[in-house]
Amino acid sequence: MEYQHIRTELADNILTVTLNRPDRMNAFTLRMKDELVHVFGEADRDNQVRAVVVTGAGRAFCAGMEMQPEDGGHVFGYDDAEGEEPPLDTIRDSGGEVSLAIFHCRKPVIGALNGAAVGVGITMTLPMDFRLAAEGAKIGFVFTQRGLTPEACSTWFLPRAVGMQKALEWVYSGDIFLAEEGLEAGLFRSLHGKEEVLDAALALARKLIAKSSPVSVALAKQMLWRNPTFDHPMQAHAVESRMIYRANEFWDGKDGFTAFLEKRDPVFDTDLNHVPAEFNFWPEPPLK
């Protein structure tokens, strides 16, 4: 796919994805949605990619949905309905498609929010494993002030990140707040000078992948995101029991303990594409 609204760079096994509409404060477009969905699918399959960092070009991270589409079409990408609503399978929230693509990517994903992040500009970062932000950056879940409702799966992710009380306050009011408030609430891992955010995110990515098994990280990511939704810890026990057995017998764990005993670096050479991307522990529900 030829990217027009994002750009990418792969260096040292870290894929940097840059939202690249600086003249529009990287406002989110349907073209950008397609490109982000594509790039996260490719990153998931590419063994050369160990981590993904997402940032913005220019002075903002993402100012939200582009309200003046270049093609003059509907802002949200669907035709204005007349009469009965169209079937649900023809209506997809574009931010949600990006969030699900990030959620399905088995590599660590880090947001480097170099400036303002509003609307979909902040909600699409919620499935990322870490968010670093620029000091003083303006953040806003502004939907109610536009007569809209939250999107991008944010009603699932946001309360998990900051707790229900803070999520309700931010969403009900729709007010803009500063990154410092987001840090205090747990929305951000850390704050940095505007020119330092990307470097800090890349440093974190290097730390995450320096000594770890790609397969172990990919599996742990799925377990940590998905297992907390189980009804009972026994279900997590079942998943963990099967995973650690498979990892030890068939994947990178085969050399992990041996290398430790022999006082050498382990050889982690399992092709992630040979590890199932889906397990029956977490069946994907249909859209209905």
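**Close-up 1. Strand 8 and strand 9 in a predicted model.** Strand 8, which covers residues 138-140, pairs with strand 9 in the antiparallel sense over 3 bridges, and the model in which this pairing is seen is a predicted one. Within this pairing, isoleucine 139 has phenylalanine 177 of strand 9 as its bridge partner. As background for this and the later views of strands, the strands of a sheet pair through backbone hydrogen bonds, either parallel or antiparallel.

Close-up 2. Strand 1, residues 6-11, runs antiparallel to strand 2 and is joined to it by 6 bridges.

Close-up 3. How many of the 6 residues of strand 2 are buried? For this strand, residues 14-19, the count is 6 of the 6, so strand 2 is largely enclosed by the rest of the structure. Both of its faces are covered, with Ile14, Thr16 and Thr18 buried on one side and Leu15, Val17 and Leu19 buried on the other.

**Close-up 4. From strand 2 over helix 1 to strand 3.** Strand 2 is also joined by 6 bridges to strand 3, residues 51-56, and these two strands run parallel. Threonine 18 has threonine 55 as its bridge partner in strand 3. Together with helix 1, which spans residues 30-45, strand 2 and strand 3 make a right-handed β-α-β unit.

**Close-up 5. Glutamate 66 in its loop.** Glutamate 66 is found in the loop between strand 4, residues 60-62, and helix 2, residues 94-104. With a relative accessible area of 6%, glutamate 66 is buried, because a residue under 20% is counted in that class. Arginine 24 is 42 residues apart from glutamate 66 in sequence, while the two are 8.1 Å apart in space, taken from C-alpha to C-alpha.

**Close-up 6. Aromatic rings around tryptophan 156.** A search of the whole structure finds 12 aromatic pairs. Tryptophan 156 is partly exposed, having a relative accessible area of 30%, whereas phenylalanine 157 is buried, with a value of 5%. Both residues belong to one aromatic cluster, which is formed by Phe103, Trp156, Phe157 and Trp225. Arginine 160 lies over the face of tryptophan 156, at 3.7 Å from the ring centre.

**Close-up 7. The pair of tyrosine 245 and phenylalanine 250.** A pair of aromatic rings is described by the distance of the centres and the angle of the planes. For tyrosine 245 and phenylalanine 250, the distance is 6.0 Å centre to centre and the angle between the planes is 85°, an edge-to-face arrangement. Tyrosine 245 is partly exposed, with a relative accessible area of 48%, and phenylalanine 250, at 48% relative accessibility, likewise counts as partly exposed.

Conventions: Residues numbered from 1 in each chain as written. Predicted model: local features only at pLDDT ≥ 70, side-chain atom pairs only at ≥ 80, totals over all residues. Heavy atoms only, no water. Buried < 20%, exposed > 50% of the residue type's maximum accessible area, 1.4 Å probe, protein only. Helix = DSSP H or I, 4+ residues; strand = E, 2+ residues; numbered from the N terminus. Pairing = 2+ DSSP bridges. Right-handed = clockwise from strand over helix to strand, strands pointing away. Phe/Tyr/Trp six-rings, centres within 6.5 Å; stacked < 30°, edge-to-face > 60°. Lys NZ or Arg CZ within 6 Å of the ring centre and 35° of its normal.
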